[in-house]
Amino acid sequence: MKRLIQLPLLLLLLVLGVAAHAQNKTVTGKVLDEKGTGLPGASILIKGTSNGVATQPNGSFSISAPNNATLVFSFIGYKSQEIQIGNQSDFTVRLQPSNTTMDELVVIGYGAQKKKDLTGSVGSVKGDAIKNVPATNVTEAIQGRVAGVEVVKNSGEPGAAPSIIIRGLSSLNQPQPLYIVDGVRTSGDNINIQDIATVDILKDASAAAIYGSAAAGGVIVITTKRGQGAKPVINLNARYGITKPKLVKLMDKQGFLDLMKIVRPTLYAGMNTDTLPNTNWVDALYGDASEQNYNLSIAGSTPSVNYLFSGFYNKQDGIYIKNSSDIAGARINTDYKINDWLKIGEQVYFTSRKTIPPVGSEAQLHNAPFRTVPTMAIYEKDGTYGRSPIGFAGPNPFGAAMAAKAENFKQNFQGNVYGEVKLPFHLTFKTTYGYSYYQETQDMYQGPYNFGEVKNPSNFLNKLYYQNRQVYSNYLLTYDQTFGKHQITALAGYEQITNKSNNINVTESNVGLPTYSFIQTSGTAFTVNGVNDPNGLIKSFFGRLNYNYAGKYYISGSIRRDANFTVFGPGKQAGVFPAASAGWNISEEKFFEPAKKIVDNLKIRGSYGTLGNSNIPAYLFLSTYNQVGMQNYFPGAPAVIANNINFIPNPNIHWETLHETNIGIDGEALRNRMYFSIDWYDKTTKEMLYALPISTSSGITSAYYTNIGSVRNRGIELMLGYKDKVGELGYDVTFTAGFNKNKVLNLDNINSNYILDGYNYYSNGDPGFSVMPGQNVTITKVGAPFGQFYGFKTLGLFKSDEEANKSAQKGVARAGDLIFEDVTGDGKITDEDRTVIGDPNPDMVYGINLRFTYKGFDIAMLFNGVAGVDLFNGVKAYSMYPFADGNTTNKVWGASFLNGNDLTDQPRLGVQNPNGTFTLDPNKNYTTVNSYFVENGNYLKLKNLQIGYNFNHKLLERAKISSARVFLMANNLFTITRYTGLDPEVGGAFSARSFGAVTTRGLDAVSQYPQTRIFSIGVDLSF
């Protein structure tokens, strides 16, 4: 029945479309630049519609349009022109240069607008600015380029994704940005950077509200490239780089033995230490690596077809042994103009990534491996892996890494097709269907090992399989019309996303052979778990209305209703997210004319909107159970399946809602040479989704999810740029900055409660085995930001034993020990004296982009930095103190009163006892969380430097090359900072509370993969 209705309706739409275009005539001509040269790819639009064409390589064009239509001619970097057709059918249009950026198109939700017409806060990045960045993730590529967008790349691991926060942390279940690629939702970590034409970041609620429940973390809209010009353009881009790690250096054998003579004087007493090994474990585990990238594309267009075919390959070798990541992919973008009223097209994209991750029991990565000793050999004389020497009970990290192997494969397919019909009455109907498929598999084999004190004679095999399929459908009706000075654009749409996922995780112990195959033995045991969920479903209705009067006054409103059928239960599934905004282009007013000598364009805008967040596990509104085996309840009774409840369900759990107000100013001055944008925002999350801890006496270990709490972010964003050309020297300088204050307003309606999280782990997940065992590093409480550092506040060092004996630490502390503040004033130092000792949430995140061109040369520099931030230098404690039975660094020799030292600026290591033994750290200088390890984390980093040369066209013509550029590039070249750690670009550490990086920001832990520098050379050729 539905098909019988749909077919006549479709035929009616087609007939109406033909009738509407029957009165058109063909208009031809050429579009030239100021020198009379044809402009390829210039845009010709019929005013008041989205109908248009692009010019051919020589600037010629042909378009079908009504007699009374007005054509709008535009090209990036040139002033637009409007010409009424009338009786004329051939035009020669000469465009004049323009420095303005206000006419550039910005892609917003389900459409595009010129910058001067925007009423929301949107940041933009051109694809050409990021195409050579050594990244396989678009998030990393936009670092430092957009105000209010904080990107942190705190790992040099191949394939590692950076963290991104737009306008501050808004929730304990912090949502990630929504990525829209060519109009379709997708993942942001598998996009070929060189396929990107533009990246537009929708930052405020009014800009993002059209995406509703998925937009609380911001929206990143990516538009990929299309062909331009009739002649196909073949582009080849290749680069190769050397990767160098930033590493902590441990003490060598002599330094280690000298320290042991003091702190463990009997360990090597009477032993001939000359025969002991002198192993450099850092060099054994880490080394230089490489990064290489190749991209090939073919693009072009005809009056009826626009196409792009591209493929790429990227290989990153890790600086850690047995670690690498390779990714390859291909894209097809085509658009077909069937006639003046019908257009169809598709985008198909596929990637495949293979990663060799660092794995293995006793082989977790550390920078540096402090739980090692130089007196342990990598290999014994018989070729087996080195065993524990005297006084050491730790593993052989090299042998541990070699005893395990793993391969991870990720395959991603994204395909979508669309059809667009021009209807009467200035209506356009567009439908898009998309399908995405993601598959991940990982095989991990752990072999037996024997390192002396650490051994395991058995082996095991783990195989993980995960599959996700998503079907996307979108129906969009748009009305676009101009009545004199009035312009209205309205849209209404329906969207549906279905999702099916399936995973299984199998572990086999005592495997028959060291392979990735399940080969059973008599001792084999299997552990199997998995989930199949075919029920994912989101249904959405949305609409938007934009009104513009004379290019002066703008009003916009949108609304979206989302219903999530697996995350929230009956009666709570739907959320409604409205938004409204307005703008005033003051520079178009007559009274502003005198000021135009200085200020060319000036616009004020304001907005308010709401967004949703559902970033929690599904089915928390239902009671679910685990099968835990078979049991009989009395002797001889039949066995029955036993079940445990997983968690306490909450049928009332619902959307977390974000409310945001934004006021902004955009403008250009000094003949469009200067451009600027300023935004103020107030963003409050209400009814926050919170995993409320439950008393263990209940018998349930899982948290209870509910809607409690609120968080506020307030801030200012600034973008200021200046571009000009002096002779043959062109330059463009842009400064971006985001100032944000984060504040928890409510946690659980009991404002005395707080959240403790974060440990100075040696190995993630084991808080007891640490230089600061069992001690939380961060606190989140009402009236303060997320995840402040929490511990004892230090007031310097005791200068004498007498001073120490008069303090609250009398009987324990001596000269050279840290002075801990007695916060309670009770004359004792207890846990009650712990207080806030630092804030890892930066006051300002900023970027500086510099670009210079001179003849054929170009130089681009990207700086990024933060200010007003504290870091907890967890590595510092390990590098000044002998951890467990392991090693440390030469910094230990700076301790007060150690090895002949007087009082220094470094705390005392311990006490030499009368009997010759040594008591380590009785005052807990190094083994408690205290402010000695909190440091100023401000930095300015030269993130990327490129120097290129474009060869003269005359030299290339003989080789039939249209353009050629060679370049040198350096990434993470240098950092200006007072931070004493390896690198101040620190994200979040492992969270014991599973809050991600929300409550563990700025914790510089030993278990993080080291940062790297990359030095590259590359070439970019077009034919």
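Reader: With which side chain does the side chain of Asn776 make a polar contact?

Author: This is a predicted model. Asn776 is found in strand 41, residues 776-781. Away from its sequence neighbours up to four places off, Asn776 touches residues including Leu756, Asp757, Gly758 and Tyr759. At 3.4 Å, the side chain that makes the polar contact with that of Asn776 is Tyr759.

Reader: Does Asn776 count as buried or exposed?

Author: The cut-off for buried is under 20% relative accessible area. Asn776 has 15% relative accessibility, so Asn776 counts as buried.

Reader: Why is helix 5 described as largely enclosed by the rest of the structure?

Author: Helix 5 spans residues 253-263. Its buried residues include Phe256, Leu257, Leu259, Met260, Ile262 and Val263, and Lys253 is also among them. Strand 49 (910-912) and strand 50 (918-920) are part of what covers them. Helix 5 is largely enclosed because its buried residues number eight of the eleven.

Reader: What is the volume of the largest cavity?

Author: The structure holds eight cavities of 30 Å³ or more. The largest has a volume of about 170 Å³.

Reader: Which residues that line the largest cavity are closest to its centre?

Author: Helix 4 (205-208), strand 28 (525-549), strand 29 (553-564) and strand 30 (574-585) each supply at least two lining residues. By class, the lining has seven nonpolar, nine polar and one charged residues. Of the 17 lining residues, the closest to the centre are Thr119, Ser206, Ala207, Arg544 and Ser556.

Conventions:
Residues numbered from 1 in each chain as written. Predicted model: local features only at pLDDT ≥ 70, side-chain atom pairs only at ≥ 80, totals over all residues. Heavy atoms only, no water. 1 Å grid on protein atoms, 1.4 Å probe; cavity = no way out; pocket = protein on both sides within 12 Å on 5 of 7 lines; lining within 4 Å. Points joined across faces, edges and corners; volume = space filled by probe spheres on them. Helix = DSSP H or I, 4+ residues; strand = E, 2+ residues; numbered from the N terminus. Nonpolar A, V, L, I, M, F, W, Y, C, P; charged D, E, K, R; others polar. Buried < 20%, exposed > 50% of the residue type's maximum accessible area, 1.4 Å probe, protein only. Contact = heavy atoms within 4.5 Å. Polar contact = N/O pair within 3.5 Å; in protein donor to acceptor, adjacent residues only side chain to side chain.
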